[in-house]
Amino acid sequence: MPKLSILVPIYNVEKYLSQCLESLINQTFEDIEIICINDGSKDSSFQILQKYRFKDKRIKVINKENTGYGHSMNIGMDVAAGEYIGIVEPDDFVKATMFENLYNLTDKYKADIVKSEYFCYTTKNNQTRKTGHFAKFKINKPVNLKNVPSLIRKPPSIWSAIYRREFLIKNNIRFLETPGASYQDTLFSFKTLCLAEKIILTPKAYLFYRQDSENSSINSKEKTFAICGEYDEITEFLNKKPEIKNFINTQKLIKQYRTYMWNLKRIDEKLQNGFIDKFSETFKKYFNMGEIDNVFCQKIDEKEFQMLIFNKEEFKKYIQKKLEKAELNDSRKKLFSVHINSSRISIVLFGKQIAGIG
């Protein structure tokens, strides 16, 4: 039995797949299996997998009809035999020491999750920027959501972590299998963080998250309500577990509100009004149920929120103006921008990083 199973869900990624697989077969941690689930790719992805399967016996290939990301991930988890499970998207790639270093952090505490920072990577200009999500949290020591509930508000980034397989099985943690949906890492991330007793956070970054991949959900504008389905499942999960809902619900609502606002910025303009109707209806229900508290109001724009639930049509006009302003600011940032987080400063001129510190 391998110590670690790495799941790679694949659909039409011939452009990046070889780079991903090379980074996995060259891991310094050799006691791994690499489970590649080909979800009915129509390009040369399957042929690339066949080549690598003969190149490295640790690679296992599952070839199936296109049934979606969630179904692929669940098949991979069913097949996985490792003590821990890692996930790598096929358009990303990782440092050679990633899985050795993450696994070594499990030894002392038998953590349910070990989670690292990651790099935001842009192919076009070969730009790399390290995230700084864990700067305010306890590092390399066990934590859980009861003592750091705000951790739930960080990006899901399920691929920058490893998960104890026994923990996933015991809690029946699975992916939604909605065909054609996006953001199916949202529910998985939420459940794992809520149910884990021991989470280890490390400030080191290993995975290069490709932000300009054509297949990335952040670049998909047509799946307007996919994120709503994920949060509907999260809400149902919390309603069945009041002992968890009591300490995490406000943080969940803050995250959901911010995610819906982010989604508004990226969906097609023709679909915005329909999404705002759903957005308004959802949070009006939370408000009427008494779930909106002072902590929530302190973390979001309260006037904006009141407009959303009490004057929806005015909110639609407000959002349109806000998006037009944001588009103008984005155009300016393409000329010159400075990115600062707890661990790195980078300066970008005309879309190209010209300096990086940290």
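Helix α11 spans residues 302-310, and its buried residues are E304, F305, L308 and I309. Looking down the axis of α11, you'll find those buried residues within an arc of 125°, so they line one face of the helix. Keep in mind that this is a predicted model.

**Helix α11**
- Which residue caps the N-terminal end of α11? That's D301, with a side-chain oxygen 3.2 Å from the backbone nitrogen of K303.

**The largest cavity**
- Rolling a probe the size of a water molecule over the atoms shows where empty space is left.
- Searching the whole structure for cavities of 30 Å³ or more turns up 1.
- The largest cavity holds about 80 Å³ of space.
- Its lining is made up of I152, K154, P155, P156, T186, S189, F190, L193, Y231, I234 and K255.
- Two or more lining residues come from each of α6 and α7 (226-240).
- The top contributor to the lining of the largest cavity is α6, with 4 residues.
- By class, the lining of the largest cavity splits into 7 nonpolar, 2 polar and 2 charged residues.

**The second largest pocket**
- The second largest pocket has a volume of about 350 Å³.
- There are 17 residues lining the second largest pocket, and D112, C194, L195, A196 and E197 lie nearest its centre.
- Helices α5 (165-170), α6 (185-195) and α8 (242-266) each put at least two residues into the lining of the second largest pocket.
- Which helix gives the most to the lining of the second largest pocket? It's α8, with 3 residues.
- Charged residues number 8 in the lining of the second largest pocket, alongside 7 nonpolar and 2 polar ones.

**The whole chain**
- The chain has 12 helices and 12 strands.
- Of its 358 residues, 50% count as buried.
- Take the contacts between residues at least 6 apart in sequence: 77% of them join residues at least 24 apart.

Conventions. Residues numbered from 1 in each chain as written. Predicted model: local features only at pLDDT ≥ 70, side-chain atom pairs only at ≥ 80, totals over all residues. Heavy atoms only, no water. 1 Å grid on protein atoms, 1.4 Å probe; cavity = no way out; pocket = protein on both sides within 12 Å on 5 of 7 lines; lining within 4 Å. Points joined across faces, edges and corners; volume = space filled by probe spheres on them. Nonpolar A, V, L, I, M, F, W, Y, C, P; charged D, E, K, R; others polar. Buried < 20%, exposed > 50% of the residue type's maximum accessible area, 1.4 Å probe, protein only. Arc of directions from axis to C-beta. Polar contact = N/O pair within 3.5 Å; in protein donor to acceptor, adjacent residues only side chain to side chain. Contact = heavy atoms within 4.5 Å.
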